[in-house]
Amino acid sequence: MVAVVSQENVVALVSRTGRELQRYRKGRRQVVGCIPYRFKIGEKTSLDVSDDLEVLVISSQKGKGMLFPKGGWELDESKKEAALRETIEEAGVRGIVGGKLGKWSFKSKTHDTFYEGYMFPLLVQEQLELWPEQNVRQRIWMSVSEAREVCQHWWMKEALDRLVNRLTGQKLGHRDNKQLLGSINCFGDAKSDL
């Protein structure tokens, strides 16, 4: 018997490593990441989207603090593809990648160099039981305020604030939550905003 498996449902259980394919711009390593999020199930009574929102943070590989999934943007992928790959590798979740939240320049804490980082929202649709870095990272769903408190990178906190502002603007622009949730699924596709 032969089984046909769709490539989009297959997850490699090994993370990409090495810097041979890494992108650099003016000497700065290009990194991309996602803020994985979901909405709590239940009655929505607040206009404050952060009350209804949970985000997924992961532990640093070095065990010092929490952050959102991120890693190197490689030559053979778009920013969104790289951000989704890093999120699958580090956090074990998949979903819809939305429009870019922004670009930040920051100094690496471990290397004496500057990086450029791009962050995207990821509306989580699937949480995997097995993922490449499950043995070296913890993943924890938490509120926006908890994530803001534990996240070790200032630029990721700014990206989180931009996500909350974006979602709040969408929520205030809709009359009911059914319209809101439907519109969130239309942020963009993996090929746009390259």
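Two strands pair if DSSP finds at least two bridges between them. Strands here are DSSP runs of E with at least two residues, helices are runs of H or I with at least four, and both are numbered from the N terminus. This is a predicted model: local features need pLDDT of at least 70, side-chain atom pairs count only at pLDDT 80 or more, and totals for chains, interfaces and linings use all residues. Residues are numbered from 1 along each chain as its sequence is written, and side-chain values use heavy atoms, leaving out hydrogens and water.

Start at strand β8, residues 114–127. Strand β6 (residues 93–97) pairs with β8 in the antiparallel sense over five bridges. Ile96 has Leu123 in β8 as its bridge partner. Strand β7 (residues 102–107) is also antiparallel to β8, with six bridges. There, Trp104 stands opposite Gly117. Strand β2 (residues 28–39) runs parallel to β8, joined by nine bridges. Val32 is bridged to Tyr118 of β8.

How covered is β8? Ten of its 14 residues are buried, meaning under 20% relative accessible area with a 1.4 Å probe, protein chains only.

Now turn to helix α2, residues 79–91. Its 13 residues reach 17 Å from first C-alpha to last, close to the 18 Å expected at 1.5 Å a residue. That expected span is 1.5 Å times one less than the number of residues. Eleven of the 13 residues are buried, so α2 is largely enclosed by the rest of the structure. Its buried residues include Ala82, Ile88 and Ala91. The buried residues of α2 pack against β2, β3 (53–59), β5 (70–72), β6, β8 and β9 (139–143), where contact means heavy atoms within 4.5 Å. Gly92 follows α2 with a positive phi, near 70°.

Notes. Buried < 20%, exposed > 50% of the residue type's maximum accessible area, 1.4 Å probe, protein only.
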